[in-house]
Amino acid sequence: MFKALDVSSQTLIVATPLVHQLQNVVCPVCGKNVIAKYGAHVASHFAHENLANCVHGEGEGAWHYMWKDEFYQTGYDVELLFETTSGRRRADVHLHNSGYVVELQESYLPESEIIKRTEFY
């Protein structure tokens with residue numbers, strides 16, 4: 001995941017300097033502890049400390065994080081949670097005041113899932 005919360009519920013971006021030194025950083029969806037991961041072979045991201053039953057950030061790789069960072073650096077909201085009576089989804093990018101979201105998808109996704117996601121938003 002690209003974003004997490006600190007102890008005062010302030011949003012942290014994984015690229016924030018010294019974020020890896022903070023204690024009690026949590027997932028914005030499930031509230032469980034996360035840690036910042038950095039490295040030469042992986043994209044910087046937050047990950048749950050222990051296996052968690054949480055889909056936030058699940059299955060995202062370097063390509064996904066690179067594009068989220070690109071949108072974030074341009075001033076757009078990333079990883080915005082939407083809740084409706086039909087469920088809850090996390091949009092990769094929210095285009096301010098337009099009512100549009102962008103779902104970043106590098107791998108194959110069945111047409112039925114694309115339709116389901118589009119109808120949700």
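Author: Leaving aside neighbours within four places in sequence, V34 is in contact (heavy atoms within 4.5 Å) with M1, A4, V25, V26, C27, F46, A47, H48 and E49. Before going on, two notes: this is a predicted model, where local features need pLDDT of at least 70, side-chain atom pairs count only at pLDDT 80 or more, and totals for chains, interfaces and linings use all residues. Residues are numbered from 1 along each chain as its sequence is written, and side-chain values use heavy atoms, with hydrogens and water left out.

Now, the strand around V34. Strands here are DSSP runs of E with at least two residues, numbered from the N terminus. Strand β3 covers residues 34-37 and runs antiparallel to β4, with 4 bridges joining them; strands count as paired if DSSP finds at least two bridges between them. Within this pairing, A36 stands opposite F46 of β4.

Look at β4 (residues 45-48) next: H45 and A47 on one side, and F46 and H48 on the other, are all buried. Buried means under 20% relative accessible area, with a 1.4 Å probe and protein chains only. In a regular strand, side chains alternate between the two faces of the sheet.

V34 and F46 turn up again in the largest nonpolar core: of its 18 residues, F2, V25, V34 and F46 touch the most other members. Such a core is a set of buried Ala, Val, Leu, Ile, Met, Phe, Trp, Tyr and Cys residues joined through side-chain atoms within 4.5 Å. The elements giving two or more residues to this core are β2 (11-13) and β3.

How values were computed:
Buried < 20%, exposed > 50% of the residue type's maximum accessible area, 1.4 Å probe, protein only.
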